[in-house]
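Let's take a walk through the charged pairs of this protein. Have the model open and follow along.

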Amino acid sequence: MIDFFGSDFSTFFVNNNGNLTFVDPLFEFTPSPFPITNQPMIAPYWGDVDTRGTGAVYVASPNESTVVVTWDQVGYYNSQTNLLNTFQVVLRDRPDTGLDGNFDIEFRYGQLQWTTGSASGGSGGLGGTPAQAGFDAGDGINFFTLPGSRTSEVLNLANISNVSLDTPGLWSFAIRNGETPGSTPDNPLLPVIIEDGFQFDFNITEPDRPFFIDPDVAVGYNYIVDSGPNMTSVLLPTGIGDGFYELWSDSSGGNCTDFAFSGTTLTGGTTFNFASPLRCFSVRGIETSAGLDPANPLAFITGLIFESAGSVSMRQIPITVFVDDGTTQVPEPTTSAFIYAGLMGLGLLARKAK
């Protein structure tokens, strides 16, 4: 049994078109954008799969706590096999994490060559309405969509990962207490791992509810909203160095390219409300002695509140300094990596405007 957004399920339907559903089978081959009401779904690649020409869908249970569904070398409608996809979803029971019903979702993409069947407006496996990947509670509110869904970029899911650079095509999500990653600091949303940093793509669902992300960090961060509602408060973690941080304000006239110390000290574990909504700010003062590993995606968990719900695109830019053998610090900080957040209304913490 799994607890999926507060509903318990012990069975599911394996649908030919790249998804699992929990209430009824789904025959739709053209993916509708999440959220979809009354149809809880886990979709590694919801698209116009056609197994008549080649390929097959396999279901296996390697042990009592794991079920694996594989779409192996499948073509697209109508019986086309010039381009083939291989992908898989793994559901793993995790009562060891505290509660019966907790489980993990893994999406594994071995090969993605086509996005669309001809019944979805595609031509030669591309164009039209491309496939969608993610999961949906079926309540019209809670859902998560993987980057590139319903665009040609969905093919890139086979080349990137939210686990590591060494595991392209592997995506892992922890469902705890019926809720998706990002609901608590103990289960933050992991970023997409890319060569020069991290990328976040997710949606704001409930205003006034925290959403936690976790990129890497060295000595500080710049937080910049590129579009959407501005930020109204920040919650920083405890247990990092001395637990105190400096708040730096934009000093570039709204360009968010330079920052100056505001004179305000932030305390980890305490929500700080800005005097007015900010498009950007910077947090500094993380000691190098804290030894945060820039390659560790569980290094620093941050919560943000926005002035309203909606679609947000933002970056979180770690600030690093070079430390030679742990003793010699180059005084001039440099920015390295970037985290770009967007797609479907990204939200760390959303609050309705008064």
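Predicted model: local features only at pLDDT ≥ 70, side-chain atom pairs only at ≥ 80, totals over all residues.

Residues are numbered from 1 along each chain as its sequence is written, and side-chain values use heavy atoms, with hydrogens and water left out.

Side chains of opposite charge can pair when their charged atoms come close. Here, a salt bridge means a side-chain nitrogen of Lys or Arg within 4 Å of a carboxyl oxygen of Asp or Glu. That rule gives six salt bridges.

Start with Asp-50, which pairs with Arg-52 at 2.8 Å between the closest N and O atoms. Asp-50 is buried, at 4% relative accessible area, while Arg-52 is exposed at 54% (buried is under 20% relative accessible area, exposed over 50%, partly exposed in between, with a 1.4 Å probe and protein chains only).

Now hop over to Glu-106, which bridges to Arg-92 with the closest N and O atoms 3.1 Å apart. Glu-106 sits in strand E10 (residues 103–111) and Arg-92 in strand E9 (residues 80–93), so this pair ties together parts 14 residues apart in sequence. Strands, by the way, are DSSP runs of at least two residues, numbered from the N terminus. Glu-106 also meets Arg-108 in a salt bridge, at 2.7 Å from N to O. Glu-106 is buried at 11%, whereas Arg-92 is partly exposed at 25%, and Arg-108 is partly exposed at 33%.

Last stop: Arg-94, Asp-96, Asp-104 and Arg-176 are joined in a network of salt bridges.

Definitions and conventions:
Helix = DSSP H or I, 4+ residues; strand = E, 2+ residues; numbered from the N terminus.
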